[in-house]
Amino acid sequence: MALRNIVKAGDSILNKVCRPVTKFDSKLHTLLDDMAETLDNADGVGLAAPQVGIMRRLALVLETNVGEDEDEFVIEFINPEILEVSGEQKGAEGCLSVPGEYGIVTRPDYVRARAQDRNGEWFEYEGTGLTARCMCHEFDHLDGHLFTEKCERMLTPEELGMSGDGE
């Protein structure tokens, strides 16, 4: 496994629509493993392929809705499509490609999606709360959209609890 560089806002790759994954091979498995390591290293909750410079429809989402005795885990979504959404949540959202910036975004509180796993098998997954927010955020990346496009407003450094000198 290897760490991948995270593409930052301003790079045109983040504004392009990704192509479907058609080959479920060792190269894809390596990419997924590298992305998981990169996500963990960046201390994020989601990462989409275009964020590491790959124009394919795949994204990783950290499932944080786990019991006390369970570990959070990464869900691999390949060629995802949202089947159902409901509810609403409004809150602060950030992005590994837009470091240090956060904004208020409204997302569904529940999302049911269909996707393929690393072997090409179809599955459905239901996410709530932060997981639902992250699913929507990462799937937006696959269509060339950043959270900043959906922001009601960006948060100020004061709202984020930062002092004027960036600390």
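A residue is called buried when its relative accessible area is under 20%, exposed when over 50%, and partly exposed in between (1.4 Å probe, protein chains only). The structure described here is a predicted model, in which local features need pLDDT of at least 70, side-chain atom pairs count only at pLDDT 80 or more, and totals for chains, interfaces and linings use all residues. Residues are numbered from 1 along each chain as its sequence is written, and side-chain values use heavy atoms, with hydrogens and water left out.

Helices (H or I, at least four residues) and strands (E, at least two) are DSSP runs, numbered from the N terminus. S12 lies in the segment before α1, which spans 26–42. With a relative accessibility of 45%, S12 counts as partly exposed. Its C-alpha is 9.0 Å from that of G144, although S12 and G144 are 132 residues apart in sequence.

Strand β3 covers residues 73–86 and contains E76. E76 counts as buried because its relative accessibility is 18%. Leaving aside neighbours within four places in sequence, E76 is in contact (heavy atoms within 4.5 Å) with L32, A59, L60, Q116, R118 and F123. The side chains of E76 and R118 also make a polar contact at 2.7 Å. A polar contact is a pair of N or O atoms within 3.5 Å; within protein, one must be able to donate a hydrogen and the other to accept it, and residues adjacent in sequence count only if both atoms are side-chain atoms.

The whole structure holds three aromatic pairs. Rings of Phe, Tyr and Trp (its six-membered ring) pair if their centres lie within 6.5 Å; planes under 30 degrees apart count as stacked, over 60 as edge-to-face and the rest as tilted. One of the pairs is F77 with Y125, edge-to-face, at 6.1 Å centre to centre and 85 degrees between the planes. This pair links strand β3, which holds F77, to strand β7 (residues 122–128), which holds Y125, 48 residues apart. F77 is buried at 1% relative accessible area, and Y125 is buried at 18%. F77 also pairs edge-to-face with F139, at 5.2 Å and 80 degrees. F139 sits in helix α2 (residues 129–142), 62 residues from F77, and is buried at 7% relative accessibility. F77, F123, Y125 and F139 form one aromatic cluster.

C134 is buried at 5%, and C136 is buried at 7%.
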